[in-house]
Amino acid sequence: MKTTENQDNVPRHIQRRKRDKEFRYKTLLKAAESLFAEKGYNETSIEEIASLAEVSPGTVYFYFANKEDLLVNLIREIGIHLRQLLGNVYAGAQTAKEGMNSVGIAFFRDFCLRSPEKLSIFFREAVGRSALVEEERKIVYELITADIKNAVMQISDSLDENDRSRLAAEIIAVCIVGIYEKLAYHYLLWSNQTSQIMDIAEDAVMVVSGGITNLLSRFPAFPQKPDG
């Protein structure tokens, strides 16, 4: 309620200016995303981004310090998009295990296939750049891994919160993130097997699901659900 009241008290011209700035920011990111994915980060200039966004180069520099800053912000936005997408899928599942399986399918279907530009930028164009870019990628990976870790821990009805159990969940999460990243890279960015990716996704989910069940059974701190 306080947020609404505060918003109502802000003059309309200031609200409009804020909306315009947010729209311009998103427009510039979208233009950069399109060009980075199509031409590559190195081959794309600020002038080309400005032209596609229908603004002057000076406007680009008003919002972003340089091309690297654009890429950093893109990585952050892609991370937010991916986490929201997978989080919504997981939240809609009946059980934690079903949610984990659905997340795997959604990653390939709803992110890789429906957002190929984001896939290309995050897994290819952003790799091997500056320390600043790599730090942003690290943050996104750590957040996604933490999300998966929490899901793994929820697969158990009861969990003994000790260092061993937390480490086990983290190891499983790191492996899952690595598996899905490598499959996307190999089959979509390297060999472009788009037509087969959902078959690959289903097989990958089965492997991951079986692996989780097997690994959890090895840790006393991870008792399994009777019905999985």
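## Reading a helical model

Author: This is a predicted model. The structure holds zero disulfides.

Reader: Which secondary structure elements does the protein chain have?

Author: Helices: 10 of them, with zero strands. From the N terminus, the order reads α-α-α-α-α-α-α-α-α-α.

Reader: What describes two packed helices?

Author: The angle between their axes and the distance between those axes. Now take helix α6, residues 96–113, and helix α7, residues 116–125. Their axes come within 6 Å and cross at roughly 95 degrees. That makes α6 roughly perpendicular to α7, because angles of 65 to 115 degrees count as such.

Reader: Which residues meet between α6 and α7?

Author: From α6 come F107, F111, C112 and L113. From α7 come P116, K118, L119 and F123. By class, this contact has seven nonpolar residues, one charged residue and no polar ones. C112, listed here in α6, is the buried cysteine described above.

Reader: What about the protein chain as a whole: how much of it is buried?

Author: Of its 228 residues, 41% are buried. The chain exposes about 12,800 Å². Carbon and sulfur atoms supply 52% of that area.

Conventions
Residues are numbered from 1 along each chain as its sequence is written. This is a predicted model: local features need pLDDT of at least 70, side-chain atom pairs count only at pLDDT 80 or more; totals for chains, interfaces and linings use all residues. Side-chain values use heavy atoms; hydrogens and water are left out. A disulfide is a pair of cysteine sulfur atoms within 2.5 Å. Buried means under 20% relative accessible area, exposed over 50%, partly exposed in between (1.4 Å probe, protein chains only). Axes are lines fitted to C-alpha atoms, for helices over the stretch in contact, and angles run from 0 to 180 degrees between N-to-C directions. Helices (H or I, at least four residues) and strands (E, at least two) are DSSP runs, numbered from the N terminus. Angles under 35 degrees count as roughly parallel, over 145 as roughly antiparallel, 65 to 115 as roughly perpendicular and the rest as oblique. Contact means heavy atoms within 4.5 Å. Ala, Val, Leu, Ile, Met, Phe, Trp, Tyr, Cys and Pro count as nonpolar, Asp, Glu, Lys and Arg as charged, and the others, Gly among them, as polar. Accessible areas come from the Shrake-Rupley method with a 1.4 Å probe; for residues, only the protein chains shown count as cover.
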